[in-house]
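Thanks for asking me to look through this model with you. My notes follow as numbered points, to be read with the structure open.

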Amino acid sequence: IKINSNIYTSKPEHLFQFDVTANNFSILESPYGNFLGEGTVNEDLDIFVYNAFADFGSSTVEGNFTQRWNPAQYQFIVDGSCQPTDLNQWMPSWWKGIWVDFNFTQDIPLGSFNIKGIWGENSTEAHTSGKVYSKDFSFRDMEIKNSAIEVSVDFNDTLVECIDLTHAEGTISGSLKFPRKNSQSPYFLELEFNGDYPLEKGRNILGETIKSQISELNASLIDCEVKGKIGRSDTSSTDHEIEIKIYSAEDFQFKGVKLDEIKGLLSYRNNLTSGNFNQLDFAGGRSSLVFDINNSNNSDTISVIMSLNDINTHKFINSLTPAIKVFNSQDLKVQGSGSSLELEDNNGSFDLSLQAVGPLSNLLQFKGSGILELKQKNLSQIDIFTPLLSVFDKFTLSAFDKLNLLTIIQNLKLPFLSVSFETLNAVFTIDHDNIHFSPLELNGQ
């Protein structure tokens, strides 16, 4: 360290002037670097550093520093290429916590910060404001190309506002608010953002609790608006809250079932996960879905109101995952006891309305009711001559006569001897593992 001082100053209130040069120097265990600065000391021994320059760690910055002693007020004004973690040792403990989930590459962020307060960990006067422009970094494993971030920290909150954040699939803007313990807030994080959100690549941003709540959802990109509050781990009485408005999505899947279009609201509050989707397009049709899942007391009870309209039967069968598939998608046969149903028409469709409640972990325990309309060419063909022969059982005929009668009827090839059904209408109820149809109508020719 080299210090030059001069007791002769241009201003009477200054006790003396000085300039400092320090090479390979560390302040409060900060990264080593080179420092230049000049300043003055007044009669109260307050220190004013002007035109300071520092090249330390991965940062190259310039700025001013002021230190007063009654009270012990400080102020840093810093501009330049600044790796935020290089300042950890100079800042209160909350500063380090801001950057834990950030991973900056060789492209050091450009920053501008104004940091002031009174020395002391619990000082209510501490305040930090600044802007960070950065590129090619990650936040909780989500890769970011470019961003403009504003940071504001006071006694109660740390606020990180993303003015503009660009990733590989689109842009996002929003904010992350970290209430400090001084505010006595029950929440660890409050978040708001909107834009193009890459769900699969950005799951970790939402935190472990919300991540687990949406584990069955997947999408490459969602145009959405999100608001949420994450409770502190040491505050068991406060639950998390999340609300996601979905305007559109790409490659959206739920439990492996792909949806062509989705619009609606998904929320979690007070141990209740709710969904209200007024548009769910898949399998060539349009649907709607309203549900509530009760997550309290180790329960997974779900109530569902669902409407499926003009769903292509062939596409629907092939959209189901192996875990829930009840059809063989190769030959499109429904296996039953001693019978089979072939769906030869790939243009067949169905409508389904369903209202049910039960445990999500066991579909065989559901109770509810619904209406099904299935439109399918060659839905089933039923020969009527066999039941007709049963009428002759009431008459005394020899086995030989019955065989001859059967041969004669079969050789007639009359059109009324078989019926082809193309539409099935059914009102049904679900009672655990039983489905009751009443009435059931088949229409055809």
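1. A cut-off to begin with: a residue counts as buried when its relative accessible area is under 20%, as exposed when that area is over 50%, and as partly exposed in between. By that rule D46, at 7% relative accessibility, is buried. Please keep in mind throughout that this is a predicted model.

2. Let's stay with D46 and turn to its partner. D46 makes a salt bridge with R68, and the closest N and O atoms are 3.8 Å apart. The pair joins distant parts of the chain that are 22 residues apart: D46 sits in the loop between β3 (33–42) and β4 (47–56), while R68 sits in the loop between β5 (59–67) and β6 (73–81). How accessible is R68? R68 has a relative accessible area of 35%, so this residue counts as partly exposed, whereas D46 is buried.

3. How many salt bridges does a search of the whole structure find? The count is 10. As background, side chains of opposite charge can pair when their charged atoms come close.

4. Another bridge to click on is the one between K201 and E169, with an N to O distance of 3.1 Å. Here too the pair links distant parts of the chain, 32 residues apart: K201 is in the loop between β13 (187–197) and α2 (207–213), and E169 is in the loop between β11 (157–167) and β12 (170–179). E169 is partly exposed, at 33% relative accessibility.

5. A further bridge runs between strands. D351 and K375 form a salt bridge in which the closest N and O atoms are 3.8 Å apart. D351 belongs to strand β25 (residues 349–359) and K375 to strand β26 (residues 367–383), so the bridge ties together parts 24 residues apart in sequence. Is D351 buried or exposed? With a relative accessible area of 19%, D351 is buried; the cut-off is under 20%. K375, at 27%, is partly exposed. Through shared partners, salt bridges join D310, D351 and K375 into one network.

6. Which residues lie nearest the centre of the largest cavity? They are F139, C162, L165, L176 and I205, out of 18 lining residues. Strands β9 (127–139), β10 (142–153), β11, β12 and β13 each supply at least two residues of this lining, and β12 gives the most, with 5 residues. By class, the lining of the largest cavity holds 14 nonpolar, 3 polar and 1 charged residues.

7. At least two residues each come from β13, β15 (221–231) and β16 (241–250), with the largest share, 3 residues, from β15.

8. C162, one of the residues nearest the centre of the largest cavity, is buried at 17% relative accessibility.

9. Last, an open site: the second largest pocket, which holds about 780 Å³ of space. Of the 29 residues that line this pocket, I27, F35, V49, F65 and F76 are the closest to its centre. Strands β2 (14–25), β3, β4, β5 and β6 are the elements that give two or more residues to the lining. The largest share, 6 residues, comes from β5. By class, the lining of this pocket divides into 24 nonpolar, 4 polar and 1 charged.

Terms used:
Residues are numbered from 1 along each chain as its sequence is written. This is a predicted model: local features need pLDDT of at least 70, side-chain atom pairs count only at pLDDT 80 or more; totals for chains, interfaces and linings use all residues. Side-chain values use heavy atoms; hydrogens and water are left out. A salt bridge is a side-chain nitrogen of Lys or Arg within 4 Å of a carboxyl oxygen of Asp or Glu. Helices (H or I, at least four residues) and strands (E, at least two) are DSSP runs, numbered from the N terminus. Buried means under 20% relative accessible area, exposed over 50%, partly exposed in between (1.4 Å probe, protein chains only). On a 1 Å grid over the protein atoms alone, a cavity is a set of points where a 1.4 Å probe fits but cannot get out, and a pocket is an open set with protein on both sides within 12 Å along at least five of seven lines; lining residues have an atom within 4 Å of a point. Ala, Val, Leu, Ile, Met, Phe, Trp, Tyr, Cys and Pro count as nonpolar, Asp, Glu, Lys and Arg as charged, and the others, Gly among them, as polar. Grid points are joined across faces, edges and corners, and a volume is the space filled by probe spheres set on the points.
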